[in-house]
Amino acid sequence: MAKTVGLLLAGLVACYGLNWFLAEFIEVVYVDYLNLIGIAIVLAVGLNVINGLTGQFSLGHAGFMAIGAFVAGLVSIQLTYGEMSSGPLELAGLGTFLLSLLLAGLAAAVLGVVVGAPALRLKGDYLAIATLGFAEITRILLTAQDSLGGPTGIKRIPKMPLLPGTGAWDGGTSVFWIFLVVFTIVLFSARLQRSTYGRALIAIRENELAAETMGVRAARMKVMAFVYGAFFAGIAGGLYAHYQHSVRPDDFTSIRSIEVVVMLVLGGLGSITGAVLGAVAVTLVPQLLRPLEEQLQVNGLSMVVYALLLILMMIFRPQGIFGQRELSLKLFRRILPGGRK
Amino acid sequence: MRYALTLLIALTALFSASLTGCKDKGNDAGGGGADEIRVGVFLSLSGANADFGKTTKNGIDLAVEEINEAGGINGKKLVIIAKDTRSKPEEAQTVAKQLASQDKVAVAIGSVESGQSIKAAPVFQEAGIPMVSPSSTNPDVTKQGDRIFRVCYLDDFQGQACAAFAYKDLGFRKAALIYAQDDDYSKGLAQYFREAFKGMGGSIVEEAPFQGDVSEFKDQVSKIAAAGPDVIFAPVYYAKIGLIARDFRKQGVTVPLVGGDGWESPQLIQLAGETLEGSYFGYHYDPDDQDAKVQGYLKAYSAKFGSDPNSLSALGYDAVYAVKLAIELGGGSSADQITEGLRKIKDFKGVTGTFSIDENRNAKKSITMLKIGGSNLSKVKVIKPEDLK
């Protein structure tokens with residue numbers, strides 16, 4: 001416990017340092033990429049617990065994110081302006097911001113239970129289709145709500161709160177908040193993976209019947225995995241809402257769900273390191289190809305290169321970049337000469 | 001547990017190392033050097049709506065070429081920095097950040113899709129850069145900040161104008177509606193038409209919304225046919241109107257259809273010419289207008305791109321000239337001066353009509369009702385904003 005708290009504090013300081021460094025020296029454009037990557041990491045690492053660790057193929061992550069984004073956006077708007085309105089953006093109060101994220105996570109987690117429950121009955125492709133359906137239902141219901149702005153969604157979501165010592169620079173404190181969540185989810189997921197619960201989830205993935213025979217309560221564990229993934233997807237949605245300042249139901253189409261699955265498969269299903277790397281690659285590749293596109297005046301080139309990378313990847317390394325392995329200090333020690341074996 | 005931390009450090013190191021773009025302080029947004037004015041453009045140049053972006057870009061390029069050939073604005077040349085939003089609203093925000101902080105543009109033009117404009121607006125607003133949307137008609141767009149402008153009419157005006165046209169000019173009293181429920185453009189237009197038509201004393205006898213990308217409208221059509229309307233308002237895009245009209249004619253419904261600018265396309269006649277015979281739609285300008293400005297634009301466009309222009313290219317073209325006028329009115333090419341200039345635009349004569357920028361930063365302009373007859377379009381009436389008051 002003390003160690004976890006220590007690590008979280010270290011993460012807090014590291015994120016603050018990162019935010020300060022970027023604000024001071026790096027162009028906003030790159031900070032923007034980093035923020036998008038951070039949100040993608042939270043989604044991917046969360047989904048990894050469902051898809052990678054527990055082996056429950058979910059295609060509904062965008063649905064959880066959508067709920068989180070709308071809940072966080074509405075809470076923040078309500079508490080900051082009192083009503084939906086137009087005008088310049090304002091800063092959300094620290095309490096408002098944290099409360100909105102928490103509620104976003106909780107709302108998504110409740111939906112995780114709802115979606116996790118049928119997961120007890122469905123397996124494999126069937127579950128994938130059911131979760132996909134859930135995400136689409138969420139999106140269509142949100143689109144139909146005129147009080148939530150209908151297809152154009154909610155606007156004027158306040159900015160993330162500032163911290164002592166950070167000025168109102170272009171990127172604000174988004175890096176700090178987003179990477180604090182990234183750090184937290186990576187830490188928790190790493191812990192989870194090595195805990196009794198994590199082992200139980202892996203056992204379910206490998207052989208559900210055998211796991212149940214050994215006393216693992218598969219049904220309960222599967223719902224737990226969904227709730228865990230959904231909670232963080234909700235928070236990712238909340239961060240996204242505060243970062244983009246407006247969210248629309250169409251930001252959360254099935255394409256986004258699939259994108260998160262691609263991140264996992266690319267990085268290595270079941271590996272946290274893989275999920276992180278997959279999130280970085282899937283977010284960054286289309287952006288890094290942008291200058292090339294502009295140089296050659298071929299728009300849409302990035303999508304071709306991106307698809308090609310995926311195909312090559314699946315041919316030559318179907319298990320993903322990391323497979324189920326993780327990157328850790330131990331690995332470095334093993335590689336370095338004279339290190340402990 | 002340590003790898004959580006390792007990962008963060010490794011990631012940061014990797015990322016920082018790959019960065020070449022360090023912050024260059026001091027050079028704040030001034031919109032380029034002494035002899036150029038940097039204009040950011042963000043449009044869907046690839047992806048599902050690439051057609052929107054490309055035709056708008058053509059109009060913008062044409063206007064910029066003309067201005068630069070004539071010596072620029074106060075001796076300064078316009079430089080276009082075009083970014084592709086890949087048909088995604090989210091990417092519009094990313095490229096807006098690039099235009100604002102990296103390219104340091106003085107003014108931004110974009111986008112066609114209201115969703116993209118709404119996502120990009122806060123970025124430019126925060127950066128103090130004026131943004132001019134050529135053709136986002138959703139009322140919410142310009143509400144995003146006091147530096148967000150547009151040069152097209154709004155969905156509410158469009159819906160009201162169509163209602164007034166159907167009621168007063170065509171003399172119809174019973175209208176039916178068919179529209180896409182999950183599309184803000186279609187739904188918005190239907191809503192404004194409904195309110196205005198009822199307000200004038202007409203009645204909406206039937207409503208048949210549809211959802212999603214469908215190509216069969218039998219159910220909606222028979223529902224409307226049973227109600228026996230005089231006129232059908234169908235605010236949909238051109239790809240759909242052909243199919244809708246076909247289904248109506250198949251079931252023997254011959255009353256005219258009325259629609260908005262979404263109908264417009266070089267393929268409209270080809271897709272639905274016969275079935276839409278005798279129908280009307282509201283449009284940004286009259287292609288047969290003998291006005292020198294319109295004809296000059298049409299000729300120059302065809303000569304440069306080898307194809308017929310559409311309303312999007314005309315609005316892109318007008319957006320550039322509105323920016324030019326704003327620079328002249330504002331007395332300079334800084335972001336603040338252009339913003340001031342845009343606010344002062346009065347009776348600007350563009351290809352898409354004469355307009356002024358009102359206090360809500362929207363263009364107050366007229367709508368041209370066109371009639372489809374055989375293989376051509378003819379102007380029936382021009383409805384001005386003051387006509388509706």
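In this report, helices and strands are DSSP runs, a helix having at least four residues and a strand at least two, and they are numbered from the N terminus. By this naming, residue A:Q297 lies in the loop between α12 (290-296) and α13 (301-316) of chain A. The model described here is predicted.

**The two chains**

Chain A comprises 14 helices and 0 strands. Its pattern along the sequence is accordingly written α-α-α-α-α-α-α-α-α-α-α-α-α-α. The C-alpha atoms of chain A occupy a box of roughly 60 × 50 × 50 Å along the principal axes. A compact globule of 341 residues would have a radius of gyration near 20 Å, and the value for chain A, 20 Å, agrees with this.

Chain B has another make-up, with 12 helices and 15 strands. Its radius of gyration is 23 Å, close to the 21 Å that the globule rule gives for 389 residues, so chain B is as compact as a globular protein of that length. The C-alpha trace of chain B spans about 70 × 65 × 40 Å along its principal axes.

Two packed helices are described by the angle between their axes and the distance between the axes.

| Helix pair | Axes come within | Crossing angle |
|---|---|---|
| α2(A) and α6(A) (residues 174-194) | 9 Å | roughly 20° |
| α2(A) and α9(A) (residues 218-244) | 8 Å | roughly 165° |

An angle under 35 degrees counts as roughly parallel and one over 145 as roughly antiparallel. Therefore α2(A) and α6(A) are roughly parallel to each other. For the second pair, the axes cross at roughly 165°, which makes α2(A) roughly antiparallel to α9(A). The crossing of α2(A) and α6(A) is left-handed, and α2(A) also passes α9(A) in a left-handed crossing.

On the α2(A) side of the contact with α6(A), the residues include A:V31, A:L34, A:G38 and A:I41. Among their counterparts in α6(A) are A:V175, A:I178, A:F179 and A:I185. This contact contains 16 nonpolar, 7 polar and no charged residues.

The contact of α2(A) with α9(A) draws on residues of α2(A) including A:L43, A:L47 and A:I50.

**Domains of chain B**

Chain B is divided into domain 1 (36-153 + 291-357) and domain 2 (156-283 + 368-388). The centres of the two domains, taken over C-alpha atoms, are separated by 29 Å. Domain 1 of chain B contributes 8 residues to the contact and domain 2 of chain B contributes 11 residues. On the side of domain 1 that touches domain 2, the residues divide into 2 nonpolar, 5 polar and 1 charged.

**Contact between the chains**

The contact between the chains takes 42 residues from chain B and 41 residues from chain A. The elements of chain B that give two or more residues to this side are α1 (2-18), α3 (89-102), α4 (114-127) and α6 (184-200). Of these, α1(B) gives the most, with 9 residues. The side of chain B that touches chain A consists of 13 nonpolar, 16 polar and 13 charged residues.

**Backbone details**

Most residues other than glycine have a negative phi, and most peptide bonds are trans. One residue in each chain deserves mention against this background. A:Q297, in the loop between α12 and α13 of chain A, has a positive phi near 60° although it is a residue other than glycine. In chain B, a cis peptide bond joins B:G110 and B:S111, with omega about -15°. B:S111 is placed in the loop between β3 (107-110) and α4 of chain B.

How values were computed:
Residues numbered from 1 in each chain as written. Chains lettered and ligands numbered in written order. Predicted model: local features only at pLDDT ≥ 70, side-chain atom pairs only at ≥ 80, totals over all residues. Axes fitted to C-alpha atoms, helices over the stretch in contact; angles between N-to-C directions. Parallel < 35°, antiparallel > 145°, perpendicular 65-115°, else oblique. Left-handed = near helix turned anticlockwise from the far one by under 90°. Contact = placed C-beta atoms within 7 Å. Nonpolar A, V, L, I, M, F, W, Y, C, P; charged D, E, K, R; others polar. Domains from an automatic or database assignment. Rg over C-alpha atoms; globule rule 2.2 N^0.38 Å.
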